[in-house]
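Please read the points below with the sequence and the coordinates open beside them. They are arranged by element, so that each paragraph can be checked against the display.

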8 protein chains.
Amino acid sequence: MAERRMFDEILHAFNRGEIDESEAGARILELFYKGQEHFMLDLEREKRLGFPEVVYAEGKTMADLLDIVARLLEAKGKVYIASLSSEAETRLEETFHSYGIRSGGRAMVIGSMSKHTEELGVVGVITAGTSDISFARECVLLLEELGARVVTSFDAGVAGIHRPVMSMQKMRDVNVLIVFAGMEGALPTVLASLTDIPVVAVPTPIGYGFGGQGEAALKTMLQSCSPGITVVNIGNSVGAAAAAIRILRAIRKG
Amino acid sequence: MAERRMFDEILHAFNRGEIDESEAGARILELFYKGQEHFMLDLEREKRLGFPEVVYAEGKTMADLLDIVARLLEAKGKVYIASLSSEAETRLEETFHSYGIRSGGRAMVIGSMSKHTEELGVVGVITAGTSDISFARECVLLLEELGARVVTSFDAGVAGIHRPVMSMQKMRDVNVLIVFAGMEGALPTVLASLTDIPVVAVPTPIGYGFGGQGEAALKTMLQSCSPGITVVNIGNSVGAAAAAIRILRAIRKG
Amino acid sequence: MAERRMFDEILHAFNRGEIDESEAGARILELFYKGQEHFMLDLEREKRLGFPEVVYAEGKTMADLLDIVARLLEAKGKVYIASLSSEAETRLEETFHSYGIRSGGRAMVIGSMSKHTEELGVVGVITAGTSDISFARECVLLLEELGARVVTSFDAGVAGIHRPVMSMQKMRDVNVLIVFAGMEGALPTVLASLTDIPVVAVPTPIGYGFGGQGEAALKTMLQSCSPGITVVNIGNSVGAAAAAIRILRAIRKG
Amino acid sequence: MAERRMFDEILHAFNRGEIDESEAGARILELFYKGQEHFMLDLEREKRLGFPEVVYAEGKTMADLLDIVARLLEAKGKVYIASLSSEAETRLEETFHSYGIRSGGRAMVIGSMSKHTEELGVVGVITAGTSDISFARECVLLLEELGARVVTSFDAGVAGIHRPVMSMQKMRDVNVLIVFAGMEGALPTVLASLTDIPVVAVPTPIGYGFGGQGEAALKTMLQSCSPGITVVNIGNSVGAAAAAIRILRAIRKG
Amino acid sequence: MAERRMFDEILHAFNRGEIDESEAGARILELFYKGQEHFMLDLEREKRLGFPEVVYAEGKTMADLLDIVARLLEAKGKVYIASLSSEAETRLEETFHSYGIRSGGRAMVIGSMSKHTEELGVVGVITAGTSDISFARECVLLLEELGARVVTSFDAGVAGIHRPVMSMQKMRDVNVLIVFAGMEGALPTVLASLTDIPVVAVPTPIGYGFGGQGEAALKTMLQSCSPGITVVNIGNSVGAAAAAIRILRAIRKG
Amino acid sequence: MAERRMFDEILHAFNRGEIDESEAGARILELFYKGQEHFMLDLEREKRLGFPEVVYAEGKTMADLLDIVARLLEAKGKVYIASLSSEAETRLEETFHSYGIRSGGRAMVIGSMSKHTEELGVVGVITAGTSDISFARECVLLLEELGARVVTSFDAGVAGIHRPVMSMQKMRDVNVLIVFAGMEGALPTVLASLTDIPVVAVPTPIGYGFGGQGEAALKTMLQSCSPGITVVNIGNSVGAAAAAIRILRAIRKG
Amino acid sequence: MAERRMFDEILHAFNRGEIDESEAGARILELFYKGQEHFMLDLEREKRLGFPEVVYAEGKTMADLLDIVARLLEAKGKVYIASLSSEAETRLEETFHSYGIRSGGRAMVIGSMSKHTEELGVVGVITAGTSDISFARECVLLLEELGARVVTSFDAGVAGIHRPVMSMQKMRDVNVLIVFAGMEGALPTVLASLTDIPVVAVPTPIGYGFGGQGEAALKTMLQSCSPGITVVNIGNSVGAAAAAIRILRAIRKG
Amino acid sequence: MAERRMFDEILHAFNRGEIDESEAGARILELFYKGQEHFMLDLEREKRLGFPEVVYAEGKTMADLLDIVARLLEAKGKVYIASLSSEAETRLEETFHSYGIRSGGRAMVIGSMSKHTEELGVVGVITAGTSDISFARECVLLLEELGARVVTSFDAGVAGIHRPVMSMQKMRDVNVLIVFAGMEGALPTVLASLTDIPVVAVPTPIGYGFGGQGEAALKTMLQSCSPGITVVNIGNSVGAAAAAIRILRAIRKG
């Protein structure tokens, strides 16, 4: 094996003081990755992180998007896409419908549904209002695709204080809670005061005027007086799903 | 009366087309206020608006502050002061203690307590946390001085969802609610969903990091999903008291 | 009654120390709301808060909007909708014109006009400019629908200082004032210095460049040197109407 | 039991239609909490949420702080305090040293160390720079006090790319990672690309000029291209510890 | 004259195409300023612009400040200084009192008062509140020093709408108006609607909470619905005085 | 004359102490404006302020815009309109072309050109880039309509330092300078260092990315190190023209 | 030569004290540029700065754009254009295809390709993600047009930490590095820690929600903990190319 | 050598498919750095990047600062420190004066001056105002310490347009320019239009009110209409020096 010989040489050169430590490190890295350019595609990410690469459709031309999806389908058999416009959604459905497609909100999974021999865990997905539901659906799509079971409760906002309390009745056996809220974003704070399970808060870009577009909700969640809420960016359903998967995997590992 | 003659002359000139409409208006105003320079002091404001002028101590030198307070005491017998530093508070107490002094938070009233033959109405003052209490006390001081009765409930934040519900039990007969909250500022939203009385929300400069200093609380209150909350600026206890007095007076007028 | 037996059991368990206080509270809540899932619709909000649920059309698909409106019409006989695009407005009018429709600005009420045996009170609605009028009309629509009488004065901005003074002549018998202003937003400050009635200020998203879209107006209103102005979010006509209704109800209760 | 009789009466009144649903709910809540005013202190929070109430010293007078600490010590035997100034720290140490004190960063625990029969789980705490360490120490203090084992790696920032990789060697058996970074805040992104365990990112108020005080770090963490990072507010060590405890408890529950 | 010969050479080289146009320009500039390094001190600015260089004390060490003042006094006989701390003010007074000193707000002029054979013009200086007065005084100091007559009206804010109207009575013969306002900053808008003379608006860093430190006032002034207001930066008394001097000089030139 | 009798009565009532001072003031204002509702249209503004009312087309429906223009044309014979979309421009041209129309940038004047017996003064209008020119043209249109002569120099930005210097050669006899600049907005600073005439700076919404849309230019102009620049809002050509007219009128009055 | 005589006269007048120094300077400038109005076009910029003028298409009408391009083509034979819409791109291609056109991203060069006798130097262009590539292509187009050789590595973001390390293998002989990154913008920090060559960081407007549109990336780059990164504005490919050209020219000069 | 054997084993396991690619990479890194914990100190950074680690004193306790400095002095013989308070400066001087100390602004180098056999290159350092000089001095200190020659021109701001032109006369043979400016920050734009050498712009936190603390200057520099300016963060003298060193080294490499 040529790599082994070259590694020996690098270490020798380092031991003889011909190259310094950082040079040696750089050369070993070079050696290791040499000739493995395809690795740039990061196809192993799902194995490494438990979460697949998600293609963000926004800001890509239709041609680029179709090309990337086709290449990934060939390489991995399944593609996850987010932030789809309705045109892009229609186009992808026309082009790839034979592969099998599941949709939710502005997200889509192309390829056959994975078989999961056992449930990865249970995630509760709660929204404050009806406008938050499309964001929640993206999250549900990804979670179910990756083997989690999902329990939902939509429109449970604090404008009627009984609603968050009632929504928690359905969440008795969930392992982690994902809470979507726009406007003033108070729901995660109230829910986190009622339970000790992990709470991932997702501000949604719902709301008008000052503090609109999810900014007030984000600040509310970061300033929450309930301990232990964590937050992802505005509208980041994908990130919330990934965070929940990390927790479910941690639970399974024990 | 000279003013009357001059007024006649102005109207004549206007009727003859010698001066135009806005010139006539300006001259009448001039006429009316002429020789009444002291009116600049706006001493009648309390009669006009139901709320006295409040001296903001911040940004004034100690000498200026003492001078203004002395002049107002002489003119009106009573002075309201806000945003006092502890040094200023001590100095005012030393200088004017013989006039009678009531304090609350960073506010102070110097002069003898007014006698109110009947109660102006009842104001509920609620805080989310203990750090909000000093702001609430400024409000209570002003409200009581102006003849309102105050019912308080401190530390009723949503981190324990039973606390706002319980605090409302004490508020059965209040006419208007003033709610102080810092951090994520969710309390007014929850309270306003439990009652139909007017709710004035006061963000307090409590909170750290991003959205701190009351900014998150202000945005939350402006974005509230509960209908009919109105808001004053961060830490504006004086404005909240004035708003409540306006409502109480409206109730008494019927 | 099964609920009663279960309640007894909960209290017994608590008294015997088998469950702690918060567990007991949670179970009673669960008991009470059990089997009452429809309550999630919050149909009683108008009775509870004196103000109906208002559907925000923005961010909803046409299909979702039509569906929600149809369901609410069936359940309650009347629906309030805000932030309508002109397409949505046209579509709703075509679909539901047989129910009776009133419009104002971007708001709409579908269903027959309520009969109010007596006037709830009088609200003054003033705008600074002509661009603010559509926001004011939303407010007027809601106020009249809920039984208030409205007195209006449009285009009363401070660029001609006689205009706010004159507009106040018409407001002699109003119980509460709602003031709409964009640009520099100075009108509520000037009006509040002329009257002691409650003043609700509504910044409108009128204005260009720096501080545009209502931001300067909002800040001006929060920083006002006139005591007792309260503020709602930019363009929040619905919130202003709800705040006024709260005050009118407080006046009627006495 | 008087409460039981009253509960029966409420349900009867509801069944007979004398009171509506929300009135019934409010009365039951009132009934339940009646005479239990001390519950306002929320002393059961640790049992309910797995995380104790933490007293924020900032913005409290020394007298108030000493008073609150003394009352909580009497009620619960242990007190957690955060955001201490060095004066407050000294004063608390002088006053309460006999109770046993542990410190870390600007946080302090007063009262005897709890005995934990078994380890709650393992938390990895990593900092990007040396200036972040005091924030990390607050976190470690709370985690260890609540029964978690902590593995630390300080000064592992991306300015030397080998440092984050090396720091992960020590984190092989941790259940959850808490990562502190100021300046450009890139460390959590790099670490999250190397592992599938939950990552809680804490921006610290380190950094100068534009985007300083932790703002750039917060934005970086929210925008991260690594999937599944969750974020707490700038400098919020307490919130990060609480989030980690929620995850550890979820793991133990299975 | 050497410069003339060198100039000829430059033009020759240009005509022969040896150097290009911009090279020629640069050389002529070099030639002209050569040996005139002291010109870097910009001592002629007052003659050129009608307004002297003003030393900003803030951010300079005491030693640097004393040194600069001494050098300028020697070169020009008079020095203008702004943004003085009270320590710096005291120190300058002790050091340079023999030169003659005039103060106003945080500004100071050292050196003997200039003799102006005729008045440069009349400037009206109006403030909204008492806290704005110290900023106005800096302006007055500079204006009078440069030969303008100043008419003042302090505390003329819109909270009493008669006050701005009355203040304008005193301004009948002024050439330009400088208006200082903090808080909501509405005064320049109202005054500009009453007069056609030039209005320079100066936001002051007065105000608390959201939009405080003069930000709301600045935005209000930039968004003003009165036509023709121009604005300088927050607290920029020096800039306002300079703008007024420019206008007065334009008037004198005709 | 009825008004006179009523005025006498008001003053009598005041003298007898039946009404207080502010009540008397309010009644006189009421008296004066009574029956003059049309005055609300503020038709005299041009006479009062030397600058006509300008209709902002943006945010108005086409129907409202046509209606307002028609009414103003009838009342005053001439209408000024700004912020026109190209559709609105076309529509107005079709509808009102018989009145005579002049256009510039997004502004338009409808009605016959006024005859000015003598020139009001000379205004220099300079732009930094070519993208600023449409803003400058709005300004030129208004200035010429109101009787000023305009000298222009377009594309004189500092990226070639000789360009601002050269542009000033053309400005020898102007009375006031209006300078438009987007991007980094440095041009007014450089020009103001070359001349002592009044300089009104107009930031334009030219520029991309951070500080784009004119924000960087606005800040640069407010922070300018050249003394005496005044600023109007981003893209506010109308305000700049109004400010220049105020100065020209001040020059003519002497 | 008339200019020479006039120059003599200016110097004489200065020497005799008839004019002051700044007047003399202004006159010489005037003299020099007199009759050279075309110089305003700044056609010599490329010679002076090593970088041509680039026409920004955004905000220009199609007619203006075509006109400017045609005039510059006539004057210089080649035109550089940036920020093209796809319509503008199509239109320019149709109109000027006979001149020869090269495109990249939203930039275009019209005119025949320059011949460079020797390579100006080597620039490495790296992007974090695929969405950044179109920005990179604009940069590549300009660099190659001006004689630089470009080495690219696209999609080398830190989400897979091996990717930036591998991308640097290709950059062994580059003279300067341009790094494009959106989202959290961490890539330049990591690359700068691996190399000592100059690094120009370009934030791209990629990213959603809070800190989106390149703002987080910009702040990250300015706060970078790796020493010596410099930054251009969001999406400023042209500026980055210009900065690289400045460095390459400095290298060639030695 | 044990490392070699272990490396063989890793590659074998990878070849046999027992571990995947990323696992193999992680283990090799682990192997390489194993037992080299001290490397965490990143002592080789200067060799790798051409720029030493600089200790930021701000936010560190005096004890921590003294400890770090002492350790680094022992390890490397020389320490670079920035953002020193005057107390810290005094204390370091007292403690380490025997090692040799050079200071500039708020920066300091402790240890004997390095001997540079040949000059690394020439850097021009220019400031707009006198308040920027202390920032420039930090930069000069670092540059000279690392072997560069520095040419300075202080107080060359655009308020006198001849000053930047004159300052460039001194910069004829510099390789790279560092320009410091606060306030409106226009100087780098003007200088970059006069030269083709690399320009690194440093905004300084000089300036008051809106856009103060260097924000306006930063935005101006990022929006500059002169091509090829690059920017570092506000007050980041260290970063500017590092960027210049990167360029000088690139020049020497050729």
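1. How do α6(G) and α10(G) lie to each other: parallel, perpendicular or oblique? Bear in mind that this is a predicted model. The axes of helix α6 (residues 133-145) and helix α10 (residues 237-253) of chain G come within 8 Å and cross at roughly 40°, and α6(G) and α10(G) are therefore oblique to each other. The crossing of these two helices of chain G is right-handed. On the α6(G) side, the contact is made by G:F135, G:E138, G:C139, G:L142 and G:L143, while α10(G) contributes G:S237, G:V238, G:A240, G:A241, G:A244 and G:I245.

2. Chain B can be examined for the corresponding pair of helices. Here helix α6 (residues 133-145) and helix α10 (residues 237-253) of chain B have axes that come within 8 Å and cross at roughly 40°, and that makes α6(B) oblique to α10(B). The passage of α6(B) across α10(B) is a right-handed crossing. The residues making the contact are B:F135, B:E138, B:C139, B:L142 and B:L143 from α6(B), together with B:S237, B:V238, B:A240, B:A241, B:A244 and B:I245 from α10(B).

3. Helix α4 of chain B, residues 62-76, has a length that can be checked: at 1.5 Å a residue its 15 residues should span 21 Å, and the end C-alpha atoms are 21 Å apart, which agrees. The buried residues of α4(B) are B:L65, B:L66, B:I68, B:V69, B:L72 and B:L73. They cover an arc of only 165° around the axis, which puts them on the same side of α4(B). An α-helix has 3.6 residues a turn, so residues three or four places apart point the same way. On the other side of α4(B), the exposed residues are B:A63 and B:E74. The partners against which the buried residues of α4(B) pack are β1 (54-56), β2 (79-82), α5 (86-96) and β4 (107-110) of chain B. Just after α4(B) comes B:G77, which takes a positive phi of about 85°.

4. For chain A as a whole, the secondary structure comes to ten helices and nine strands, and buried residues make up 63% of its 254 residues. Among the contacts in chain A between residues at least 6 apart in sequence, 66% join residues at least 24 apart.

5. What does A:T230 touch, not counting residues up to four places away in sequence? This residue is found in strand β9 (residues 229-231) of chain A and is buried, with a relative accessible area of 6%. Within chain A, A:T230 touches A:V199, A:V200 and A:A201, and from chain D it touches D:V200, D:T230, D:V231, D:V232 and D:A243.

6. Helix α10 (residues 237-253) of chain D also has a length to check, since at 1.5 Å a residue its 17 residues should span 24 Å, and the end C-alpha atoms are 24 Å apart, which agrees. Of those 17 residues, 14 are buried, so α10(D) is largely enclosed by the rest of the structure. The helix is followed by D:G254, whose phi is positive, near 100°.

7. Phi of F:Q213 is near 60°, a positive value in a residue other than glycine. The residue F:Q213 is placed in the loop between β8 (199-203) and α9 (215-222) of chain F, and at 53% relative accessibility it counts as exposed, the cut-off being over 50%. In chain H, H:D155 has a positive phi of about 70° although it is not a glycine, and its place is in the loop between β6 (148-153) and α7 (162-169).

Technical notes: Residues are numbered from 1 along each chain as its sequence is written. Chains are lettered from A and ligands numbered from 1 in the order in which they are written. This is a predicted model: local features need pLDDT of at least 70, side-chain atom pairs count only at pLDDT 80 or more; totals for chains, interfaces and linings use all residues. Side-chain values use heavy atoms; hydrogens and water are left out. Helices (H or I, at least four residues) and strands (E, at least two) are DSSP runs, numbered from the N terminus. The expected span of a helix is 1.5 Å times one less than its number of residues. Buried means under 20% relative accessible area, exposed over 50%, partly exposed in between (1.4 Å probe, protein chains only). The arc is that of the directions from the helix axis to the C-beta atoms. Contact means heavy atoms within 4.5 Å. Axes are lines fitted to C-alpha atoms, for helices over the stretch in contact, and angles run from 0 to 180 degrees between N-to-C directions. Angles under 35 degrees count as roughly parallel, over 145 as roughly antiparallel, 65 to 115 as roughly perpendicular and the rest as oblique. A crossing is left-handed if the near helix is turned anticlockwise from the far one by less than a right angle, and right-handed if clockwise.
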